[in-house]
Amino acid sequence: MRLALRHVFVLVVCAFALFPIVFVVSAAINPLGTLASTDLLPNGASLANFADLFGSDVHPFGRWFLNSVFIALTASFAGLLLSMSAAYAFSRMRFRGRRVGLLALLLIQMFPQFLAIVTIFIIFTEVTELYPAFGFDTAWGLILLYLGGALGVNTWLMKGFLDTVPRELDEAATVDGATHAQIFWRVIMPLVTPILAVTAMLAFIGTMSEFIMASVFLRDPGSKTLAVGMYGMIAGDQRNANFGMFAAATLLTAIPTVGAFLWLQRYIVSGLTSGAVKG
Amino acid sequence: MTSDVPEAAKPRRAPRPRREITTAYVVTRIAVLAVTAAILVYAVPPLVAARAWIALAVLVAVTAAIVCLYLTRRLIPAKYLVPGTVLLIAFQLFPILYTVSTAFTNFGDGHRGDKQSAVTAIETGSVRQAPGSPEYTLTAALRGDELVFLLVDPETRRVQTGSGEGLAPLEGARLGVTGKVLAAPGLTVLTAPQAAARGAEIAALAVPTAGGLIKANGLSRAVEGRAALDYDPACDCVRGDGDTWTADEARGYFLNARGEHLAQGWQVGVGLDNFARVLTNPTISGYFAGVFGWNVVFALASVVTTFGLGMGVALALHHPRMRGTRFYRIALILPYAMPSFAMLLVWRDLFNRDFGLVNQSLGLTVDWMGEPVTARFAVILVNLWLGFPYMFLVTTGALQAIPRELTEAASIDGASPWHAFRRVTLPLLLVALTPLLISSFAFNFNNFNAIQLTSEGGPFPAENPQVGATDLLITYTFRLAFGTGGAQFGFAAAISVFIFAIVALISVVTFRRTRRQEEVYA
């Protein structure tokens, strides 16, 4: 009896968790493609919305998808590498300014980067004039901007992971004649790979969903990311008409992230309890 | 923070013994030099062209320092710290400091540049066609690379060249029927399509004359205009149109006797005015207090509801005879794995008054995002949907770490399940999860997307379109800086500083608490 009550409760919560997703699926295969004609359960099935999505000149979904994946992959991996190497120094070495550096990072990470968006806008107006390859409407400029925030977000977390790796291991490696770089790449990195994979995945998903800085930064339709482009897709009076296309785009965007999530599910719990936060 | 072992007390490590030069050593050093050379080759020419000497000096100094760092065998910690730190300084630290300094100025629409550019803007903005001045026929031409105007007086058919330096007579030009110049000695006359391609340059060229300026009006007419307003450095004021506006250095405006100001002002320091406005101006401080109060409620409600529901399902599944947990778990974490920006937009449409599924399926006609109470309920519900899988996952992890013997012992001692939960499980869970709950509070305190992508801060009261019922401080700030009501960067920066102070306070409390549980500096 008690067990049945548990099942009922969990099923209700599952329904709450799933109904918007079912709605998105239903909207994506709805042949009419409007918000008004979409119900929770599909009233027909067609791939018209997907075809529209890839045939559209106004909304180059394929480009956005590639832009997003490229920016998120590059920024999350480069960012992890930067914060990982900083964490290595903080965890394994003793040097002057270590405590001040750790405290400074703590303070800086409290100030969300997008609070300074006005200044960032002014800086990149200048950069666009001098170096167009890193200016507005370019992936590299946005990646640089995200990397500026990388150290503040993950260094403490990484330092925590590294502190759990026994120091005896690097001492043994040093005795065997390994350099600091060899210890970093050959000893430390392999040991923290599982946790690194989870953090990288969360950083990847967080960057995919980043909206505010990308919306200020990317204005040319061809350079937009999924978040910015899809926001424009159902902006203003197109909200009703383009909803099917939007839902189809949402589903396609979700496939890589949901896949990675289910695949890494086992590690996620331990990664999260150590303090990783999805953006 | 005093828990750190004083570093000075430790014996300094002796420098590493020098090693023989290995292949890896040589290769990395060559790579460092090559990358540096590539960066300099790419980055220097634009700075030279723009005559940005200070930036150039900084670039060269930073690059030189980095090269030295990676060529030497010493300074090992710095080798690992510098790449991230350089980016951190350039794209986070510098913008933050600049933002904080902006909070002490009136930077914003009408106060963008310095005084000189304000004067120029006022003067050129007031140029009108001088009465009785001729309307010239205009032909654009090139003298070498420089764009010049060929101006033909329609009555006398006299030809003059006009450039940035002024007017000069021109002899020997051949005129067409329309009065346009067809050819002129020493000049390349532009054809109509060529001129059209240089439209922006032609519109920007102003030829100074004795009484004003000659500017192009389209591509084939030019008129002489006179600035109605004129800056007089002697009295530091702007005269014209029968009025005088005197510079007010404290406000960054030109003011006339009646206290009215010209639209164009300049950026000045205003001290603590922006901060004082937030706290003392009755209208603004009222709104600020309202937004702040709702912001705290939103963040608290988000944490409490997500933690409550997440823990509820985690406890329900945490039973030895529970079946199908794998399936339930996948279903429950799906909201966390979906792209959040897209799902926020989907929720916005679920609450749509006319076509939204919520109204359709419940048979309601509620304007969810149109009423403060329903809009607030809606955004908290949406945030619950987005956030509870995270809490479910972390509670599941923490529950597995609590030994089952503890609850069994409690039940043997006669505690009801509720009592065992209340007295044993919950306290242990909270010990493990309090840091995460506090960081979740800090995250939701600035949860820009959750508001901007659903309610956009609305609904807005009729009397003030700047502050909506579901606005967080962060969305309010964003509207002040980039919204339709004109940019107020200085004021927005002041509010950013307030947000910073609040979040910093929360974090200090967090770390005081967590430091008792773990050695942060270990």
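Visitor: In chain A, what share of the contacts with a separation of 6 or more comes from residues 24 or more positions apart?

Guide: This is a predicted model, in which chain A is built from 13 helices and 0 strands. Its C-alpha atoms fill a box of roughly 70 × 70 × 30 Å along the principal axes, and 43% of its 279 residues count as buried. Among the contacts in chain A with a separation of 6 or more, the share from residues 24 or more positions apart is 71%.

Visitor: How far apart are the C-alpha centres of domain 1 and domain 2 of chain A?

Guide: Chain A is divided into domain 1, residues 1-46, and domain 2, residues 60-273. The two are in contact through 10 residues from domain 1 of chain A and 10 residues from domain 2 of chain A, and on the domain 1 side these divide into 6 nonpolar, 4 polar and no charged. The distance between the C-alpha centres of domain 1 and domain 2 of chain A is 32 Å.

Visitor: Is Asp137(A) buried, partly exposed or exposed?

Guide: Asp137(A) lies in the loop between α5 (117-130) and α6 (139-148) of chain A, and its phi is near 65°, a positive value in a residue other than glycine. Most residues other than glycine have a negative phi. A residue is buried with 20 or more other C-beta atoms within 10 Å and exposed with 12 or fewer; because Asp137(A) has 16, it is partly exposed.

Visitor: Which helix of chain B gives the most residues to the side that touches chain A?

Guide: The contact between the chains takes 79 residues from chain B and 75 residues from chain A. On the side of chain B that touches chain A, the residues divide into 59 nonpolar, 15 polar and 5 charged. With 17 residues, the element of chain B that gives the most to this side is helix α3, residues 76-102.

Visitor: For residues 287-315 of chain B, how far apart are the end C-alpha atoms?

Guide: An unreviewed UniProt entry places the feature "transmembrane region" at several stretches of chain B, including residues 287-315 and 377-403. Over residues 377-403 of chain B the chain is 93% helix and 0% strand, with end C-alpha atoms 38 Å apart. Over residues 287-315 of chain B the chain is 100% helix and 0% strand, and the distance between the end C-alpha atoms is 41 Å.

Visitor: Which residue takes a positive phi in the hairpin of β10(B) and β11(B)?

Guide: Strand β10 (residues 213-216) of chain B is joined to strand β9 (residues 206-208) of chain B by 3 bridges in the antiparallel sense, with Val207(B) opposite Ile214(B). β10(B) also pairs with β11(B), again antiparallel, over 4 bridges, and here Leu213(B) stands opposite Gly225(B). The hairpin of β10(B) and β11(B) has 4 residues between the strands, and the residue with a positive phi, near 85°, is Gly218(B).

Visitor: Is Leu229(B) buried, partly exposed or exposed?

Guide: Leu229(B) is placed in the loop between β11 (221-227) and β12 (230-232) of chain B. Beyond its neighbours within four places in sequence, Leu229(B) is in contact with residues including Ile122(B), Ser126(B) and Val238(B). The cut-off for a buried residue is 20 or more other C-beta atoms within 10 Å; because Leu229(B) has 19, it counts as partly exposed.

Visitor: Where in chain B is confidence highest, and where is it lowest?

Guide: Chain B averages a pLDDT of 80, and 93% of its residues score at least 70. Over residues 1-10 of chain B the pLDDT is below 50, and this stretch has 6 contacts beyond near neighbours in sequence; residues 518-522 of chain B also stay under 50. Where pLDDT is low, the predicted coordinates should not be read in detail. Among the elements of chain B, the highest mean, 90, is in helix α8 (residues 282-317), and the lowest, 73, is in strand β1 (residues 127-129).

Visitor: What ipTM does the predictor give the complex?

Guide: The predictor gives two scores for the complex as a whole, one of them a pTM of 0.75. The other, the ipTM, is 0.84.

Definitions and conventions. Residues are numbered from 1 along each chain as its sequence is written. Chains are lettered from A and ligands numbered from 1 in the order in which they are written. This is a predicted model: local features need pLDDT of at least 70, side-chain atom pairs count only at pLDDT 80 or more; totals for chains, interfaces and linings use all residues. Helices (H or I, at least four residues) and strands (E, at least two) are DSSP runs, numbered from the N terminus. Two residues are in contact if their C-beta atoms, placed from the backbone, lie within 7 Å. UniProt positions are given in the numbering used here, feature names are shortened, and annotations may be inferred rather than shown by experiment. Ala, Val, Leu, Ile, Met, Phe, Trp, Tyr, Cys and Pro count as nonpolar, Asp, Glu, Lys and Arg as charged, and the others, Gly among them, as polar. Domain bounds come from an automatic or database domain assignment. pLDDT is the predictor's confidence in each residue, from 0 to 100. Two strands pair if DSSP finds at least two bridges between them.
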